[in-house]
Amino acid sequence: MQEISFRDWLRVLIQKYFNNNSVDYPLVIWCDPDNLWKDILKNTVDETFELWSETDNELILKHRLHQADSKPRVVYIPVKEEELSFLRVYADNAIEVVEMDLL
């Protein structure tokens, strides 16, 4: 049995979200109220998807998403899924909304 690193496991998981869905707007919203995943995701990103993690301002993110092309991307936001406000419409249409405990 071949062991893979945590980073490789996470990268495969994220790529599965994009590969298993034929949608016009490939988007994963990663909710992280404890702010544990941001640096991990930054170290996981590769050429197959973008990571947006520079801001936690939902209004700015909504505006950016409205103007963005349809590249696969993960939008990191340090809030609980049920606390999403301006991004709610995008979350409802995203491939996946992830809120995962690191443990």
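Biologist: Which residues gather in a patch of negative charge on the surface?

Modeller: Keep in mind that this is a predicted model. Residues join such a patch only with over 30% relative accessible area and no salt bridge. The ones that gather here are D34, E82, E83, E99 and D101.

Biologist: Take D34, then: is it buried or exposed?

Modeller: D34 is found in the loop between β1 (27-31) and α2 (38-42). Its relative accessible area is 59%, and the cut-off for exposed is over 50%. So D34 counts as exposed.

Biologist: What about nonpolar side chains: how much accessible area does the surface patch they form have together?

Modeller: That patch is formed by I4, F6, W9, L36 and L102. One of them, F6, is found in helix α1 and is partly exposed, with a relative accessible area of 42%. Together, the five names I4, F6, W9, L36 and L102 come to about 460 Å².

Biologist: How far apart in space are V23 and N93, C-alpha to C-alpha?

Modeller: V23 lies in the loop between α1 and β1, and it's partly exposed at a relative accessible area of 41%. In sequence, V23 and N93 are 70 residues apart. In space, the C-alpha to C-alpha figure is 9.7 Å.

Biologist: And where in the chain is confidence highest?

Modeller: The chain averages a pLDDT of 91, and 97% of the residues score at least 70. Confidence is lowest in helix α1 (residues 6-19), at a mean of 90. It is highest, at 97, in strand β3 (residues 73-77).

How values were computed:
Residues numbered from 1 in each chain as written. Predicted model: local features only at pLDDT ≥ 70, side-chain atom pairs only at ≥ 80, totals over all residues. Heavy atoms only, no water. Patch = residues over 30% accessible without salt bridge, like charges linked within 9 Å, V, L, I, M, F, W, Y side chains within 5 Å. Areas by Shrake-Rupley, 256 points an atom, 1.4 Å probe, with all protein chains shown as cover. Salt bridge = Lys/Arg side-chain N within 4 Å of Asp/Glu carboxyl O. Lys, Arg positive; Asp, Glu negative; His and termini not counted. Charge placed at Lys NZ, Arg CZ, Asp CG, Glu CD. Helix = DSSP H or I, 4+ residues; strand = E, 2+ residues; numbered from the N terminus. Buried < 20%, exposed > 50% of the residue type's maximum accessible area, 1.4 Å probe, protein only. pLDDT = per-residue confidence, 0-100.
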